[in-house]
Amino acid sequence: MAPIQAYHRPQTMTEALQLLARPGLRTALVAGGTSLVPRLDEQEIDEVVDLQGLCPAGIQDGGDRLTIGALTPLQALAEHPAVPPLLKEGALREGPNTFRHQSTVGGVIACADWESELLAALLVHDAVVTLETPAGTHTLNLADYLSEIAGQLQNAIIVEVTVAIGGQVGQARVGRTPLDTSIVAALARRDERGELRLALTGIAATPRLIAPDEIEALDPPGDFRGSAAYRREMAAILSRRAVAQLDEASVTNH
C-alpha cells in the first residue's frame, strides 16, 4: 500500500463534494474511522476527506419519525430514550463500547455489512437516507440504497437517516454464542396500519427486506459459519419466530 498523500478536513459540504469528485484520485471519506483505518493496508487510497464537524450528528424526535444525523455515534443511538428498541439493540450488537463511541450511523450505512442487525432494524423501521450530491440533496429508501450501493455513493455523502417509530416488533437470531455476531437474524415490525416488514441478515450481500413466501427461493452465500442450505433453513425458522412475536404482542395488547 502506498502512503496516503493528503488529508482534508473541509469546512463546507460543497468543498467536500468537490474533493470527492476529483478525477484521477482515489479519495476515501472518514467519519469515526472504525471501518477505514483497520483496513488501510487492504485498500488503495490516495487522499482522505474527514467529515467530522461537517455532517450533522444527534437525534431529533419529529413525532412519528426520528431524524438521525450521519455522524451520530452508535453509543448515542443505544442510549437515546426516543430510539426504538430494535435500533438500540442493533447498535449494541455492532461492537464493544469503545467501538460504539467512535463508529457512526452513517458509517454503518456506508459499509452495509451483510450481518449488521442495525441495518436490518433500520430497514424494518422504514428508514429513508438523505445524500448530498453535486446535483443537490437526494433522498431514497434504505432498501433502494442497499440494492445499488456503489452507484448511490458515487460522489455522494450520507448526511442523515429518518426512521418510523411505533408498531410491534419481533426478532430472532442464531449465532455460535449469544454474544457472537449472528449467522442469520430475522427482524420484523408491524406498523399501526398492519403492514409487515421483515428483514434478514446473513442471507445476501447486504441485509434485505423480504416477504415470507420468498424465503424458500433464497440462495445465500455460504462460509465457515454456515452453508447456503443452513442459512436458508435458519432464515425460514427465524422469520417464523420473529413474526410469531408480533402475533403474541397483538394478543397481549388486546
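Is R231 buried or exposed? Select R231 to begin the tour: its relative accessibility is 0%, so this residue counts as buried. Please bear in mind throughout that this is a predicted model.

**The whole chain**

Display the entire protein chain. The chain contains 9 helices and 12 strands. Its radius of gyration is 19 Å, close to the 18 Å that the globule rule gives for 254 residues, so the chain is as compact as a globular protein of that length. Along the principal axes, the C-alpha atoms fill a box of roughly 55 × 45 × 35 Å.

Now show the surface. The accessible surface of the protein chain is about 12300 Å², and 51% of this area belongs to carbon and sulfur atoms. Of the 254 residues, 48% are buried. Consider also the contacts between residues at least 6 apart in sequence: 58% of them join residues at least 24 apart.

Next, colour the chain by pLDDT. The mean for the protein chain is 89, and 93% of the residues reach 70 or more. Among the elements, helix α6 has the highest mean pLDDT, at 98, whereas helix α8 (residues 149-152) has the lowest, at 77. Where pLDDT is low, the predicted coordinates should not be read in detail.

**Helix α1**

Select residues 13-20, which form helix α1. Which residues of α1 are buried? They are M13, A16, L17, L19 and L20. These residues cover an arc of only 160° around the axis, which puts them on the same side of α1. On the other side of the helix, T14 and Q18 are exposed.

**Helix α3**

Move on to residues 85-92, helix α3, where the buried residues are L86, L87, G90 and A91. Seen down the axis of α3, the buried residues fall within an arc of 135°, so they line one face of the helix. The elements against which they pack include the helices α2 (74-79), α4 (97-102) and α6 (117-124). The strands β8 (157-164), β9 and β10 are also among their packing partners.

Then select H80, in the loop between α2 and α3. H80 is partly exposed, with a relative accessible area of 23%. Leaving aside neighbours within four places in sequence, H80 is in contact with I59 and K88. Its C-alpha atom lies 9.6 Å from that of G58, a residue 22 places away in sequence.

**Salt bridges**

Show the charged side chains. Side chains of opposite charge can pair when their charged atoms come close. The model has a count of 14 salt bridges.

Start with D46 and R26, whose side chains meet in a salt bridge at 3.0 Å, N to O. The pair links distant parts of the chain, 20 residues apart: D46 is in the loop between β2 (27-30) and β3 (47-50), and R26 is in the loop between α1 and β2. D46 counts as buried at 8% relative accessibility, while R26 counts as partly exposed at 40%.

Continue with R225 and D180, which form a salt bridge at 3.6 Å, N to O. R225 lies in the loop between β12 (208-209) and α9 (228-253), and D180 in the loop between β9 (168-174) and β10 (184-190), so the pair ties together parts that are 45 residues apart in sequence. R225 is buried, with a relative accessible area of 12%.

R231 is buried, whereas D223 is partly exposed, with a relative accessible area of 28%.

Which residues join in a network of salt bridges? Select E89, R93, E117 and R173 to display this network.

Select R232, which lies in helix α9. At 27% relative accessibility, R232 counts as partly exposed. Not counting residues up to four places away in sequence, R232 touches I215, E216, L218, D219 and P220. To finish, draw a line from the C-alpha atom of R232 to that of G136: the two atoms are separated by 40 Å, and the residues are 96 apart along the chain.

How values were computed
Residues numbered from 1 in each chain as written. Predicted model: local features only at pLDDT ≥ 70, side-chain atom pairs only at ≥ 80, totals over all residues. Heavy atoms only, no water. Salt bridge = Lys/Arg side-chain N within 4 Å of Asp/Glu carboxyl O. Helix = DSSP H or I, 4+ residues; strand = E, 2+ residues; numbered from the N terminus. Buried < 20%, exposed > 50% of the residue type's maximum accessible area, 1.4 Å probe, protein only. Arc of directions from axis to C-beta. Contact = heavy atoms within 4.5 Å. pLDDT = per-residue confidence, 0-100. Rg over C-alpha atoms; globule rule 2.2 N^0.38 Å. Areas by Shrake-Rupley, 256 points an atom, 1.4 Å probe, with all protein chains shown as cover.
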